[in-house]
Amino acid sequence: MKKILPFVMTMLMSMAVLAQSTVSGVVKDAQTGEPIPGATVLVKGTSKGTTTDLDGNYQLSADADAVLVFSFIGYANVEETVGSRTLINVGMATDLTELSEVVVTALGIEKESKTLGYSVSRVSGEKFTKAREISVANNLVGRVAGVNSTAPATGPGGSSRVTIRGNSSLSGSNQPLYVVNGIQIQNSNLGNAGKWDGADYGDAITAINPDDIEDITVLKGGAAAALYGQRGRNGVILITTKSGKYNQGLGIDFNSNVAIDRINDFRDFQEEYGQGTLGNAPVDQQSALNTGLSSWGGKLDGSQVTLFDGQQHPYSAVSGNNLDKFYETGVTFTNSLAISGGGETGNVRLSMGDVRNNSIYPNADYRRNTFNLDASYKLSPKWSASANVNYAKDKANRTKVNDAPGNGNFGIMFLPPNVDADYLGTGYDEMKNEIPFGPNAFTTNPYFAANRFITETSKDRVMSVASIKYAPTDWLYIRARVANDFYAFNATQITPTGTAYRPTGSLDVQRTINHNETNSDLLIGINKDLGQDFSIGVTLGGNILKMQQKVVDVNANGFAFPFLYNPGTAATNSASVSEPQKEIQSLYGSVELGFREMLYLNVTDRNDWSSTLPTGNNSYNYPSVNLSYVFSEMLNLPWMDLGKIRAGYARVGGDADVFSTSLYYGTLGAAINGQALGNVDNNVPNPNIEPLQVTEIEFGAAFQLFGNRLFTDFAFYNKQTLNDIVPVGISRASGYQNAVVNVGQIENKGFEFLLGGVPVAVGDFRWTSTFNYTINNNKVIELAEGQEILPAGESRTGRAFVQHIVGEPFAQVVAYDYMRDDAGNLILTPTGLPQAAAEPTAQGTGVHPITGGWSNDLNYKNVTLSFLIDFKYGAVIYSGTNSLAYSNGLHKGTLEGRSEGIQMSGVDVDGNPINTTVTAQNYYGAVSNISMEQVYDADFIKFRSLSLTYQFPKVGKMRNLSLSLVGRNLFYISKATPNIDPESNYNNSNGFQGLEYLGLPTTRSFGLNLSAKF
């Protein structure tokens, strides 16, 4: 027996060894076919496993009955039984909910998504690299429930406007905080057009290269963003850039994209009547100059008429292609190269990006170069360090928008049907003087505006972060981090010598901004299991924010020498200097308690001390609590992968703008009798101002069913803004215009819905579809005592306004209706023309309360078709373009009554009846001032993007090679705005939402994208 037992044991061990086999294979992305380096391959129920190499290859030994579990962040787990196989290739599908198993939350803390009691959305970086926008913020449109992204019609490199769960402040910023690799940046605009004119100087988020983005995580509600304090009150967008991988060797990624832009010409103007007035065509050069953009002439008959240039031209419809003649085909070349690698103790990635855009607007362009360096190093088993530096340099020559002076978009839009754009020539003569084409010197010749006006900007931005982490145990770590955001910005706007309305030219602005912000923080983290049923996570930390800025503005006019715009040679010049500074000191912490991996309670608190508030009110506290119940853990249903309900509450808020508590003065750069002149702000400061507060309650649920073939996520929220800081109008006799007070109260109630899955997965074909829908009901609850209206913005026409009105949604577009008596009769002028009511009335909000999108990926073998359709409903837009089209006789509505006149019936101011006939020119001129007629529904459904990608088979050392045909902003499936794009706002601030007036035409883009990885 003693001899038999060792023999039997030896045989059993030999059989066990023989039963094991070496299994190998490749792990790829099921959609793109791209290898997934760093994926984990584990033998289920054991700690035995390995990771894939740079080419997605793996190898390990396993029993025949073993189950291999393949996992990677952002992908759904795959399980494969070994059996008799030695080769197991796996295609992993992305986690369709875009909520990966581990997500980045506030302060860069990684958590399992099922533990979160609030809504978080994650978008992978590949969504931004094919049918791309220059600004990644504009690429969020239609992709995330609760996020409303819009881009003003100002051209490449312009600013963006992103709001999350509505607008929560009447006068402050409503855009979210952007955090790039832990670096906090606010997407502030550096200059834009107001009521009169101006240009969009861009914003911060344009500094990010889309090819560097690993993923974007959106923290929507107060509970999600409370740890960021007052800066997170509007939500947070976390951007994580790509990094090298440990033990992956050297990798090279190259991406090249070329896109052409063509204008959207939505004009449907009349082409029956030409230039002139009261039905008469010009008879000589002077009468042509006098009628300029007036299309109230005779019927086009092909006869010869003399125009502004003194030449005779056919009186025929020749203006149909004017926009195509003036605007060019825009071209954007985007190239990026990244080199990455890693060993056992560290990794590094260096990328370079180059964007070169030639705009559709003549002589306008945008250039951007980016460099990103990311490195991590394990100093020892307990110490690690990381650093990231992003440098971006951009230069642009931009177009003016909005008003006519210097804005080439204005004149070219309204040329009469018989005036060909070619008649305007270069817009200037041999002495570089503008060639006028109408009676108004302030209506600049479009070619002179494009060829001679200068609006140049340049910006150098460096965003850097360095951190060191000490982890003495697997459940405790301490992290110290310093992040810095610096930019130097310059803008030059010149009205050139020879301009009709300013012959000697002017330096409108020479602006220099130097901005530096540093955030230093210390974080202690504890994550520990307390027995089999309980777990605890604790985070404690503090932060110091220091911001310094210097803004210098110089302007001058009356130059001694033509074409030399030196302030020292000007008859008058002025300069102003502003040096705002700010400091916020913060302490924060959170505690998360878990029970049996199905019930999680998370409590956070943060306290900020801000220098922009008075000493007695400068401390403010932000608590939050949220609960997540993963009931699927208890039900254990085979068809339910995840079932979770959640609830959360948070109170966040914000401080005041710099200089809100004390009176300050600025110098004007001029003097009287040798004494310097200065001025003070027109707002009365408030030494007792308090921080605004935003409270939010959120309820939601998430489900993943049938092996992730179907998923849904929805949330209800109620967000209340209290103590909003707003300027309230006061008597001008006081010497001031406004007083800064805590009076505003706003409510946002909403519902977010996400539904998606894999409707079809047959053989090599896979269709992934996701639909999101959001409705946000906003209401202004309260202003100052006795105040019902807070003015916010005004159209250049002076006939439409944006106002915040008690009881109505944010940003009401206010316009004039017809004047009527109590019986509804039109009250006409003595000459029988309609007139506007004495006071304007609200027509609706300029911000869409309903937004959503439907994205699809159809994959068959090596071919993938992706497209996105988005929609927005419930807003209105006032069109200054249509107002001028009426007054100039271009609108098709002006055809009625041209020959026979317009029959008018109404009453005079005393109630006496009037029945008369008026000319169409006078009638529609009056209608152009009744601005309600030019307010339209801004609802639309848009085919936003399309890409068709072919994944080439692997060749040699090339890990991935793909070629894509791409399109962006392709066409509207439906819209209700005649002659304009419903997305034609020219300003991204609160006071101009819902106002349109001669911005740069929107475009549709077509292109190619080549991606190669070695």
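Trp296, Tyr886, Tyr923 and Tyr924 form one aromatic cluster, in which rings of Phe, Tyr and Trp (its six-membered ring) pair if their centres lie within 6.5 Å, with planes under 30 degrees apart counted as stacked, over 60 as edge-to-face and the rest as tilted. The model is predicted, so local features need pLDDT of at least 70 and side-chain atom pairs count only at pLDDT 80 or more, whereas totals for chains, interfaces and linings use all residues. Residues are numbered from 1 along each chain as its sequence is written, and side-chain values use heavy atoms, with hydrogens and water left out.

**Aromatic pairs**

- By the ring rule, the count comes to 36 aromatic pairs; the ring centres of phenylalanine 266 and tyrosine 972 are 6.0 Å apart and their planes stand at 55 degrees, so this pair is tilted.
- Phenylalanine 266 lies in the loop between β17 (251-263) and α3 (285-291) and tyrosine 972 in strand β51 (residues 960-975), so the pair ties together parts that are 706 residues apart in sequence; helices (H or I, at least four residues) and strands (E, at least two) are DSSP runs, numbered from the N terminus.
- Phenylalanine 266 is partly exposed at a relative accessible area of 22%, while tyrosine 972 is buried at 14%, where buried means under 20% relative accessible area, exposed over 50% and partly exposed in between (1.4 Å probe, protein chains only).
- Phenylalanine 943 and phenylalanine 971 form a stacked aromatic pair, with 5.1 Å from centre to centre and 20 degrees between the planes.
- This pair links distant parts of the chain, since phenylalanine 943 is in strand β50 (residues 940-951) and phenylalanine 971 in strand β51, 28 residues apart.
- Phenylalanine 943 counts as buried at 14% relative accessibility, whereas phenylalanine 971 is partly exposed, with a relative accessible area of 43%.

**Charges over rings**

- Lysine 975 lies over the face of phenylalanine 266, at 4.7 Å from the ring centre, under the rule that NZ of Lys or CZ of Arg is within 6 Å of the ring centre and within 35 degrees of the ring normal.
- The charged end of arginine 452 sits over the ring of tyrosine 428, 5.8 Å from its centre.

- Tyrosine 327 touches residues including Ile263, Asn409, Leu1000 and Pro1001, with residues up to four places away in sequence not counted; contact means heavy atoms within 4.5 Å.
- Leucine 170 is in the loop between β12 (161-164) and β13 (177-180) and is buried, with a relative accessible area of 3%.

**Paired strands**

- Strand β25 (residues 476-495) and strand β26 (residues 506-530) pair in the antiparallel sense over 20 bridges, where two strands pair if DSSP finds at least two bridges between them.
- β26 also pairs with strand β27 (residues 534-559) in the antiparallel sense, over 23 bridges, and the partner of serine 506 in β27 is asparagine 557.
- In the hairpin of β26 and β27, which has three residues between the strands, glycine 531 takes a positive phi near 80 degrees.
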